[in-house]
Amino acid sequence: MVDWFGGEESVPELIQRKKYRKAERLLRDQFQAGRRDADLRLQLADVLVLDGRGGEAVPIYMGLADELARGGHGPRAIAVLKKIERVAPGRGDVADRIARLLGDGGAAAAAVEPPPPPDPIPAPLEPAAPVAVPPIGILASPLFGDFTSEDLRAVIGGLQLLTFDPGDIIVGDGDEGDSLFVIGAGRVKAFVKGEAGRYRRAREMGEGEFFGEIALLYGRPRTATVTAAERCELLRLERATVESLAATRPRVREVLDSFCAARAASTG
């Protein structure tokens, strides 16, 4: 796409100007030219949603989530499935996929040969048929490792999907905190204040890593400022959700408390 000044308009620029049909055509042209990466397909589905055509985006999201799961990108697969929940809430097939992703911690993954993925951008777009996905233990993180499958499914059901652009402040040092974040896609940077009052970068985190567990459980102020290093999709778990789950599933709180104590001891 060429603008009035003779330059090529990028997909982000087209989206910013709400030229969603042009952005879609550009993405489909790139696909036909041989580009097949997950980012392109995800961007296409997002553009369809922005254009009010969420029904067409769902099969793309479905196929992409299955492919990410087979590739071991559990948090990103969950983030994609959460997008489907936004577009088409209450779909049982989304819950079924989450249940299969939880699986048995990955024991069957090596034994099952995954089928080839369907055309990720079907034309015309049709509802996606269920795809067999080997169990992979979706959030393969020590934070979630001791949950039963049922408890983990309940926790994942309470996750909220948030998107941040590069440079956005996700949490600020000293802010009141009541939530934990799992990185579904992208990278974030954490900065802590030194003795002289200057901030220094403490660490960088990527897909599957998390932060904010102390704020989640104990409501303490944030001890670092965390910003998006690139476009990020984060899964947020709020304390109110944990307390609600713990009312009927006490082990949810017990597991998180135990993990936080062990993490504090290892970093102290």
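Modeller: Ala, Val, Leu, Ile, Met, Phe, Trp, Tyr, Cys and Pro count as nonpolar, Asp, Glu, Lys and Arg as charged, and the others, Gly among them, as polar. This is a predicted model, in which local features need pLDDT of at least 70 and side-chain atom pairs count only at pLDDT 80 or more, while totals for chains, interfaces and linings use all residues. Residues are numbered from 1 along each chain as its sequence is written, and side-chain values use heavy atoms, with hydrogens and water left out.

Biologist: How do the residues that line the largest pocket divide into nonpolar, polar and charged?

Modeller: A pocket is an open set of points on a 1 Å grid over the protein atoms alone where a 1.4 Å probe fits, with protein on both sides within 12 Å along at least five of seven lines, and lining residues have an atom within 4 Å of a point. The largest pocket is lined by 21 residues, with D46, K83, T163, R231 and E233 nearest its centre. They divide into nine nonpolar, three polar and nine charged.

Biologist: Which element gives the largest share of that lining?

Modeller: Helices (H or I, at least four residues) and strands (E, at least two) are DSSP runs numbered from the N terminus. Those giving two or more residues to the lining of the largest pocket are α1 (11–16), α3 (38–50), α5 (74–87) and β8 (232–238). The largest share, six residues, comes from α3.

Biologist: Which element gives the most to the lining of the second largest pocket?

Modeller: The second largest pocket also has 21 lining residues, and R203, G212, E213, I214 and T223 are the closest to its centre. Two or more residues come from each of β4 (188–193), β5 (199–205), α8 (213–218) and α10 (250–267). The most, four residues, come from α10.

Biologist: Is the aromatic pair of F181 and F211 stacked or edge-to-face?

Modeller: Rings of Phe, Tyr and Trp (its six-membered ring) pair if their centres lie within 6.5 Å, and planes under 30 degrees apart count as stacked, over 60 as edge-to-face and the rest as tilted. By this rule there is one aromatic pair. Because the rings of F181 and F211 have centres 5.2 Å apart and planes at 20°, the pair is stacked.

Biologist: How many residues apart in sequence are the parts that this pair ties together?

Modeller: F181 stands opposite F211 in β6. F181 lies in strand β3 and F211 in strand β6, so the parts that the pair ties together are apart in sequence by 30 residues.

Definitions and conventions:
Pairing = 2+ DSSP bridges.
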